[in-house]
Amino acid sequence: MRYHNITKDDMLNGEGLRIVLWVSGCDHGCKGCHNPITWDPNGGIVFDTAAQDELFEALNHDYISGITFSGGDPLYLGNRKDVTALAKLIKARFPHKNTWLYTGYRWEEISALPVMEYIDVLVDGRFVEDLKDPKLHWKGSFNQRIIDVQKSIKNNSLYLYHAE
Ligand code: SF4
């Protein structure tokens with residue numbers, strides 16, 4: 001897997017203060033995408049052990065609520081294996097942190113993926129410029145949904161996430 005950046009103390013991409021991993025690779029091609037530089041799966045740099053150490057060190061602060069996977073699309077086909085392994089490792093090492101993931105896929109297409117076992121909140125769907133509203137919290141356009149993943153899996157039905 002390749003990535004562009006690790007943001008520390010992010011307040012926009014999920015609840016609380018978060019670490020955000022911006023991975024490379026996305027083939028959704030949403031018009032008006034804010035981050036087209038991340039589309040190329042060969043862009044950015046390799047996510048190596050040094051990057052993983054940096055991520056874990058940043059996550060290890062009490063004031064950090066958790067990690068957000070964004071990009072690019074963490075569920076771009078070429079990213080799925082590595083993102084699943086990393087999300088699993090983070091859950092094991094930081095069981096009290098939560099994990100959010102932003103994807104251009106819709107919940108119905110990806111809800112059965114193994115990675116979902118390690119995700120708490122999923123923001124799904126492509127960015128649709130005609131449905132955008134800067135006032136929206138944690139998402140860019142109205143069609144996107146903020147999903148409580150574990151509750152949805154347990155009940156076999158979609159449940160939106162509500163902040164505590
Ligand atoms: S899914 Fe996200 S990164 Fe990919 S094109 Fe759409 S807005 Fe951009």
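Among contacts in the chain between residues at least 6 apart in sequence, what percentage join residues at least 24 apart? The share is 60%, where a contact means that the C-beta atoms of two residues, placed from the backbone, lie within 7 Å.

## About the model

This is a predicted model, in which local features need pLDDT of at least 70 and side-chain atom pairs count only at pLDDT 80 or more, while totals for chains, interfaces and linings use all residues. Residues are numbered from 1 along each chain as its sequence is written.

## Overall layout

Let's start with the whole chain. It has four helices and seven strands, and reading along the sequence gives the pattern β-β-β-α-β-α-β-α-β-β-α. The radius of gyration is 15 Å, close to the 15 Å that the globule rule gives for 164 residues, so the chain is as compact as a globular protein of that length. Here the radius is taken over C-alpha atoms, and the rule is 2.2 Å times the number of residues to the power 0.38. Helices (H or I, at least four residues) and strands (E, at least two) are DSSP runs, numbered from the N terminus.

Along the principal axes, the C-alpha atoms fill a box of roughly 40 × 35 × 30 Å. Of the 164 residues, 34% are buried. A residue is buried if 20 or more other C-beta atoms lie within 10 Å of its own, exposed if 12 or fewer, and partly exposed in between, with C-beta atoms placed from the backbone.

## The sheet

The seven strands form an open sheet with mixed pairing, in the order E3-E1-E2-E4-E5-E6-E7. At the edges sit E3 (45–46) and E7, each of which pairs on one side only. Two strands count as paired if DSSP finds at least two bridges between them. In general, strands of a sheet pair through backbone hydrogen bonds, either parallel or antiparallel.

Both senses turn up here. E1 and E2 are antiparallel partners joined over five bridges, and Asp10 stands opposite Arg18 in E2. E5 and E6 run parallel over three bridges, with Leu101 opposite Leu122 in E6. On its E7 side, E6 pairs in the antiparallel sense over four bridges, and there Val121 faces Asp148 in E7.

## The nonpolar core

Which residues have the most contacts inside the largest nonpolar core? They are Leu21, Phe69, Ala87, Ile119, Val121 and Leu122, in a core of 28 residues. Two or more residues come from each of strand E2 (18–23), strand E4 (66–70), helix H2 (80–93), strand E5 (98–102), strand E6 (121–124) and strand E7 (145–148). E2 gives the most, with five residues. By definition, such a core is a set of buried Ala, Val, Leu, Ile, Met, Phe, Trp, Tyr and Cys residues joined through C-beta atoms within 7 Å.

Leaving aside its neighbours within four places in sequence, Leu122 is in contact with Leu101, Thr103, Trp107, Ile147 and Val149.

## Around the ligand

A shell of 13 residues surrounds the ligand, and the closest are Cys26, Cys30, Cys33, Gly104 and Phe127.

By type, the shell holds four nonpolar, seven polar and two charged residues. In this scheme Ala, Val, Leu, Ile, Met, Phe, Trp, Tyr, Cys and Pro count as nonpolar, Asp, Glu, Lys and Arg as charged, and the others, Gly among them, as polar.

## Backbone details to look up

Most residues other than glycine have a negative phi, and most peptide bonds are trans. The bond from Gly71 to Gly72, however, is cis, with omega near 15°, and Gly72 is found in the loop between E4 and H2. Asp9, though not a glycine, has a positive phi of about 60°. Asp9 is part of strand E1 (residues 2–10) and counts as exposed because it has 12 C-beta neighbours inside 10 Å.

Asn156 is not a glycine either, and its phi is positive at about 50°. Asn156 lies in the segment after helix H4 (149–155) and is exposed, with 7 other C-beta atoms within 10 Å.

Methods:
A residue is near a molecule or strand if its C-beta atom, placed from the backbone, lies within 6 Å of it.
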